[in-house]
Amino acid sequence: MALKRGLSGSGINRNRGGGRGSSLPIVLLIFFSLLAPLVFFVGRGLYTSASIDHSNIAAGSSKQDLDWRQRLALQHVKSLLSKEVIDVITASTADLGPFSLDSFRRNLSASWKVIGVESVKNDTIPEQNKAPGIAKQEAPRGKGDYTDGHSQFIDSPAKSARRHLREKRREKRAADLMRQDNEAILKLENSAIEHSKSVDSSVMGKYNIWKKETENENSDSTVRFIRDQMIMARAYIGIARLKKKLDLLQELQTGLKESQRTTGEASSDSDLHHSALEKMKLLGQVLSKAKEQLYECNLVTGELRAMLQTADEQVRSLKKQSTFLSQLAAKTVPNGIHCMSMRLTIEYYHLPPEKRKFPGSENLENTNLYHYALFSDNVLAASVVVNSTITNAKDPSKHVFHVVTDKLNFGAMNMWFLLNPPGKATLHVQNIDEFKFLNASYCPVLRQLNSTAMKEYYFKSNHPASVSSGSSNLKYRNPKYLSMLNHLRFYLPEVYPKLNKILFLDDDIVVQKDLTALWSVKLNGKVNGAVETCGESFHRFDKYLNFTNPHISRNFDPNACGWAYGMNIFDLEEWKRRDITGIYHKWQNMNEDRALWKLGTLPPGLITFYGLIHPLQKSWHVLGLGYNPSVDRSEIDNAAVVHYNGNMKPWLEIGMAKYRPYWNKYVKYDHPYVHSCKLSD
């Protein structure tokens, strides 16, 4: 009411002032109610247009700056990448647009951070900004064509090339990883193998039997452990004696004796007495006590060093004794063979003279047959040579054996072959003592062998004091060389004057194939057909002859190839023409003081037949079965003749068991004399 009054009052007054003044408020009211919104919208439109223009200007400037940077980067990239890779990158940029940190930020895991840029949470992103990204993620990216409603997506060539390049990189990386894994596994396996080889299963120096190191599955682990204890007990015994620890000394000596008694000659745990473990525990306790009271590094080291030196001297001495004993065993006749020889001799001399002859005496000088020379005082060995040759001969009736032995074995050799004739082959036994040309005036070696100096050289080794001094040359000091049977090979034309070819065989060989082809071998003016043995250095001339002597160095090549005695085809006609026996006599006279070579038949053979050897194929004659444990099995099986040269003859106990079956195959173990003399395989 008050307002109403005021208004009416004022209106009265204004009306009173004049008629035009009262219409002005109404005009102003219409102006503000109609034109103010219009002005507001026009201004807003101008502002929006200005802001849009400003944004377009800024975007243009940024685009120019981006194009400049791209050109600069491409100049550096082109020098590093191939054109194919750059094309793929360009196509990728054209299809997807420039790279943006936001696109990576959306796909990063929670462990990644973007330094210097404020993180933007997904819930703060406007919905209209999320939509393009989501749509882009939902776009199909596989191979080929995909149909989704009314739309169809097809890979462009650039995308296909990019995908192909990416797959190739992925395959290469996978192959590299597989190769690295295989190499790593192989290295681990090799390392494990080498480590297993280097690990010694023995428990050296461990005295406490409750330690885990002693727990192994070796069959001889307990034996070796006890022997390690015994070594340390000996060392502590010396220290206890030095420090006058008499009570501990007594305990150590008692424990050592008990352990020695328990182990004895045991080589494996199964050989030990059942009380061995208890003895081992007791000695281990004593050693632990000794270690607490006596252990000083210098003293223990000194004791062990002294024990090692003593053991080394003992080993050298035992090696010399072993060499001597092996030489002694090699030159002796086993009891069984001696028994058989004596029984055969008695049987032979009980025969009437008319029954002591062999049939086929007319073949002994027939040059159309195949003749063998065999010089031996071992009946059993000679029987194997003849038996193996006849067994493998295609036509035994064409083979003639000339066996020469000494007076002691003459009856036994005859009796054996009378009881066991060689089938259709011809055999003749001779006594070397009946060869009248073998006398001291004609044969230098016979004169030398009968000399006092030579006998002293041979037999002085029987004295114990000379064993160590002469052990290095024991193989040259074998009294078997006193027998002329070993030197008779240099007198073949005198023994067989009517023959033109003869095959010489040692009594320690076994024939495995037919040998008749050897008589067809053309020696081409040479005298001796033999298998050369220069495959190894010790079979050359400088290992047999003294090249410090001027007579040797002037006439022979130290690297000349040696050859084998034991299976040799001799041309006796060429022998006579070249006077081989005279050459042998010449060099034998020069070696009376043993200055050119040591005793034996191979060194003078190398000299006598120097330059007169026709090499035969190695398969004819394989050597080493009497000293070499690693002769190739295939070589033995393919050989025509195998030779047990060396000390380990197959009829001796020291012979190598792996080679004995080749020899046993031709021994008549069912023969009454062989059986009764306890000769077995």
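Biologist: Which residue in strand 5 does Val400 stand opposite?
Modeller: Val400 stands opposite Thr426 in strand 5. Keep in mind that this is a predicted model.

Biologist: Okay, and how many bridges join strand 4 to strand 5, and do they run parallel or antiparallel?
Modeller: Strand 4, residues 399–405, is joined to strand 5 by six bridges, and the two run parallel.

Biologist: What does the chain pass through to get from strand 4 to strand 5?
Modeller: The chain goes through helix 13, residues 410–419. That makes a β-α-β crossover, and a right-handed one.

Biologist: Is strand 5 enclosed or open?
Modeller: Strand 5 covers residues 426–431, and five of those six residues are buried, so the strand is largely enclosed by the rest of the structure.

Biologist: Switching to cysteines. How many disulfides does a search of the whole structure find?
Modeller: Two disulfides turn up. One of them pairs Cys339 with Cys677, with the sulfur atoms 2.2 Å apart.

Biologist: Where do Cys339 and Cys677 lie?
Modeller: Cys339 is in helix 11 (residues 335–349), while Cys677 sits in the segment after helix 24 (672–676). The pair therefore ties together parts that are 338 residues apart in sequence.

Biologist: Left-handed or right-handed, that Cys339 and Cys677 disulfide?
Modeller: Left-handed, because the torsion about its S-S bond is about -70 degrees.

Biologist: And are the two cysteines buried or exposed?
Modeller: Cys677 is buried, at a relative accessible area of 7%. Cys339 comes out at 22%, so it counts as partly exposed; the cut-off for buried is under 20%.

Biologist: Now the other one: which cysteine does Cys534 join?
Modeller: Cys534 is joined to Cys561, S to S 2.3 Å. The torsion about that S-S bond is about -90 degrees, so this disulfide is left-handed.

Biologist: What does the pair of Cys534 and Cys561 tie together?
Modeller: Parts that are 27 residues apart in sequence, because Cys534 lies in the loop between strand 8 (528–530) and helix 18 (550–555), and Cys561 in the loop between helix 18 and strand 9 (567–571). Cys534 itself is partly exposed, with a relative accessible area of 25%.

Biologist: So what's the pairing, numbering the bonded cysteines in sequence order?
Modeller: The pairing is 1-4, 2-3.

Terms used: Residues are numbered from 1 along each chain as its sequence is written. This is a predicted model: local features need pLDDT of at least 70, side-chain atom pairs count only at pLDDT 80 or more; totals for chains, interfaces and linings use all residues. Side-chain values use heavy atoms; hydrogens and water are left out. Buried means under 20% relative accessible area, exposed over 50%, partly exposed in between (1.4 Å probe, protein chains only). Helices (H or I, at least four residues) and strands (E, at least two) are DSSP runs, numbered from the N terminus. Two strands pair if DSSP finds at least two bridges between them. A crossover is right-handed if, with the strands pointing away from the viewer, the path from the first strand over the helix to the second runs clockwise. A disulfide is a pair of cysteine sulfur atoms within 2.5 Å.
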